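Thanks for coming. Please look at the sequence and the model first.

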Amino acid sequence: MDKHVEFLVKLRGASLMIADAANEYIDALAPPEVKEAQKATVAVQEATFTILKFESQQGAKLGQFEVAYKQNNLPDKWQSAYNILRNSNATIKDRYHGEAYHYSYWLYAEDKIYRQKLKPKT
């Protein structure tokens with residue numbers, strides 16, 4: 001039974017990688033006006049990210065932020081959130097967040113998802 005589960009997990013992971021590669025290739029072929037329209041698309045529900053286990057961190061420049069480590073989360077939930085951020089090219093300078101989000105999210109190092117509390121709108 002364990003071999004069946006292991007096989008299915010690997011198959012799912014490979015399928016996600018193939019889909020991600022195809023999406024990246026399609027995005028690379030898209031004209032600039034399509035890329036701008038994609039940036040204006042609606043973000044997924046924040047629950048996709050808040051379901052993860054985050055650990056508090058303190059940085060000299062960043063201040064208070066949190067990190068979700070791959071090994072400390074359910075693989076499918078973590079991978080789903082990671083794929084959204086990777087496909088959105090979420091970086092510390094171009095963070096991912098939606099209109100009603102409480103946090104902004106980004107990727108920096110392998111197997112880590114970062115978040116920081118958004119400042120209230122004035």
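Let me start with Glu6, which is partly exposed at a relative accessible area of 36%. For the terms, buried means under 20% relative accessible area, exposed means over 50%, and partly exposed lies in between, with a 1.4 Å probe and protein chains only. Before going on, the model is a predicted one: local features need pLDDT of at least 70, side-chain atom pairs count only at pLDDT 80 or more, and totals for chains, interfaces and linings use all residues. Residues are numbered from 1 along each chain as its sequence is written, and side-chain values use heavy atoms, with hydrogens and water left out.

Now, the pairs. Side chains of opposite charge can pair when their charged atoms come close. The rule for a salt bridge is a side-chain nitrogen of Lys or Arg within 4 Å of a carboxyl oxygen of Asp or Glu. How many salt bridges does this rule give? The count is three.

Glu6 takes part in one with Lys3, at 3.9 Å from N to O. Both residues sit in helix H1, three residues apart, which is about one turn of the helix. Lys3 is exposed, with 63% relative accessibility.

Lys10 is exposed, at 55%.

The next pair is Glu66 and Arg115, with their closest N and O atoms 2.9 Å apart. This pair links distant parts of the chain, since Glu66 is in strand S2 and Arg115 is in strand S4, 49 residues apart. Are these two buried or exposed? Glu66 and Arg115 are both buried.

Last item: helix H4, residues 75-87. H4 has 13 residues and reaches 18 Å from its first C-alpha to its last, close to the 18 Å expected. The expected span is 1.5 Å times one less than the number of residues. Its buried residues include Trp78, Tyr82 and Leu85. The buried residues of H4 pack against several elements, among them helix H1 and strands S2 and S4, where contact means heavy atoms within 4.5 Å. Just after H4, Asn89 takes a positive phi of about 55 degrees.

Definitions and conventions: Helices (H or I, at least four residues) and strands (E, at least two) are DSSP runs, numbered from the N terminus.
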